[in-house]
Amino acid sequence: MNRRALIVIAVLLAAACVLPFLVSNYRTFQFTLVLVYAIALLGLNILTGYNGQISLGHGAFYAIGAYTAAILMDKFGVPYWATVPVAGAVCLLVGFLFGLPALRLEGLYLALATFALGVSMPQLLKYHHLEKWTGGVQGIVIAKPDPPFGLPLNPDQWLYYFTLAVMLVMFFLAWNLLRGRIGRAMMAIRDQHIAAEAMGVNTAMVKSLTFGVSALYTGVAGALGAIAVQFVAPDSFNIFLSIVFLVGIVIGGLASIPGAIFGAIFIQFVPNIADELSKAAPWAIFGVFLIGFVYLLPYGVAGAIRMLLARLARKGQNNRSPAG
Amino acid sequence: MKHILVPIAALLAAALASPAALAQKKYDPGATDKEIKIGNINPYSGPASAYGTIGKAIGAYFKKVNDEGGINGRKINYISVDDGYSPPKTVEMARKLVEQDEVLLLFQPLGTPPNSAIHKYMNAKKVPQLFVATGATKWNDPKGHPWTMGWQPNYQTEGTIYAKHILKNKPNAKIAVLYQNDDYGKDYLKGFKDGLGAKASMIVKEVSYEVADPTVDSQIVQLQASGADTFFNITIPKFAAQAIRKSYDIGWKPVHYLNNVSASVGAVLTPAGLDKSVGLISTQYLKDPTDAAWASDPAVLEWTAFMAKYYPEGDKIDAANFYAWAVAKTMEQVLKQAGNNLTRENVMKQAASLKDFVLAASLPGIKINTSPTDFAPFESVQLIKFDGKQWVRFGEVMGK
């Protein structure tokens, strides 16, 4: 990472820190959701963007994370911050176990297996033997956390900073993971899995682990989302959520860490804009946006920015060369 | 001189009176001299988008109110947003309406899960969550949630009424129950069992279905096999029509109680077959505009004219549009009563002091009553029986 990138990150971080003091609580809440979705999208991007496996069921892991947090808070009185790592651990395990058999499936077949998981999740959450934990269709209402240590923040602002802190940790860990040996193994499998295997990469293991790590990220996001929204119910986690995640990573930019943030902004705000433009056909408007983005920015927002920067850098070089 | 004094005196009087008049006007966010902002959340997209028409019909009604001068001289500014029937989205939208648009109140958010998601928030913010579009029993909780109120008769009340009717008319009945496996179905079933009380063992068979199931044919066959002679049918319109048709086709002829949710001639009995629907027993609290019995009723005529002028694209067979019209009129009444004191507290106070309020849309003898300890506007229903052409009311109005 060069100095310029560090400066950009520092500026963006400073902007993110002052944001809650500039906008209303409602907007702060929306930006908290953007951060939550960014973590979820990063999780899916690790799987799809870096490892080349398509999942149509990540909404299910988001749901498991959300329910883990809600049940721990509601039934066991666990403090909200402690539920986040637990939700991550549960999803890591579930993701890894689901990954083991499912990863024998390639491409579209894996997509279908994960689709099955995503589509069945709302009904599993309604299952009547689990009702005393999950609250059945009624869901679980959870209390909003207050800022600790007498900080002069309101609950919305505090939750924003808490989520931001978790997000930074998660992004740093992902960056660390992806640029290292394991990250290279993931990408090698994506690009040419036979070659990767020939080089001694344990493809089955790496794929299962990737699935687990990806689920962990999404589960952490689910827990944070549940705390922010203060409510979980099976209807919150239908198959559409999984599809929206996939839309988010493609729009944001596949195999890009900052892409997760752009994707999160898209899935948070574009449906609202679409709804304001038309009550009769909000999804048709959303579709127009989607086609527009895919057509104009074929490598996602992150890809477009990368190309723009590359072009600027080239121009800079061209300008400099006559003088030098 | 005299001629000059009169206007001066009048002016003086007006000047003296106006501070008093101003003092009477009290506003919370969302209300001014000119307008009243009302927020609404409806599923215009997503799995329950068929109900989106309610939000549109309410909007059409408020447009009519505005065209006729508004309420106490104030126009209604109706802001309706889409939550796609997804609870997290409902929370976001409720916060947008309350914190950003600063509405005076939320009116008719639709569905039990979406309303559950904002229940706590609305009560913490002390913003009225009025006349929610769900029949769950929990909205009548003036102590715990003094800012939330339901509207339609709740499912438990209705279930209890069927149970009482069975106990009275067929004390040795063998009862079969079909219910939707969610809070709506279970709420009905609970009321029904509470009504049977110690005789709950009269239920010989209980079968459920999922809302995603394609048909309930196999459930009906199972219920027939149980040997039951009485059938309580807790299903939404699509499945109700299937159940009526299937039980007729396989020759099962129990005394058939059908929940009010599906008591529409146009949407349920016609597709099921009017001849196959003879003898069905249900309850109603609103008139059914698709029922020939009400074809020349003034309320139905008024509604038809309203639909033609303000919501021509709306479906006149869909009872939801009639419901929307009726519930919007209730809202209008509450705001009329609130007068110039448009604080959120006074809105709740007025909503909780509807005394024998009669909606033209409701059946004769059925009135809306609320009090500070009773947040259930409709609590009585009328038993009805289908004669092959229309619903025929029988017995007296039951409930409170």
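Predicted model: local features only at pLDDT ≥ 70, side-chain atom pairs only at ≥ 80, totals over all residues.
Residues are numbered from 1 along each chain as its sequence is written, and chains are lettered from A in the order in which they are written. Local features need pLDDT of at least 70 and side-chain atom pairs count only at pLDDT 80 or more, whereas totals for chains, interfaces and linings use all residues.

Helices (H or I, at least four residues) and strands (E, at least two) are DSSP runs, numbered from the N terminus. In chain A, the axes of helix 4 (residues 80-102) and helix 10 (residues 203-229) come within 7 Å and cross at roughly 145°; axes are lines fitted to C-alpha atoms, for helices over the stretch in contact, and angles run from 0 to 180 degrees between N-to-C directions. The contact of helix 4 of chain A with helix 10 of chain A comprises 19 nonpolar, 10 polar and 1 charged residues. Here Ala, Val, Leu, Ile, Met, Phe, Trp, Tyr, Cys and Pro count as nonpolar, Asp, Glu, Lys and Arg as charged, and the others, Gly among them, as polar.

A residue is buried if 20 or more other C-beta atoms, placed from the backbone, lie within 10 Å of its own, exposed if 12 or fewer, and partly exposed in between. A nonpolar core is a set of buried Ala, Val, Leu, Ile, Met, Phe, Trp, Tyr and Cys residues joined through C-beta atoms within 7 Å. The largest such core has 204 residues, of which Ile39(A) and Val220(A) touch the most other members. Helix 2 (residues 25-50) of chain A gives the most to this core, with 15 residues. Two residues are in contact if their C-beta atoms, placed from the backbone, lie within 7 Å. Residues up to four places away in sequence aside, Val220(A) touches Ile39(A), Val84(A) and Met170(A), among others.

The contact between the chains takes 20 residues from chain A and 21 residues from chain B. Helix 3 of chain B supplies the largest share of its side, 8 residues. By class, the side of chain B that touches chain A has 8 nonpolar, 4 polar and 9 charged residues.

Helix 6 (residues 183-196) of chain B is largely enclosed by the rest of the structure, because 11 of its 14 residues are buried. Among these buried residues are Tyr184(B), Leu189(B) and Phe192(B). Their cover includes helix 4 (112-125) and helix 5 (155-169) of chain B. Gly197(B), with a positive phi near 60°, follows helix 6 of chain B.
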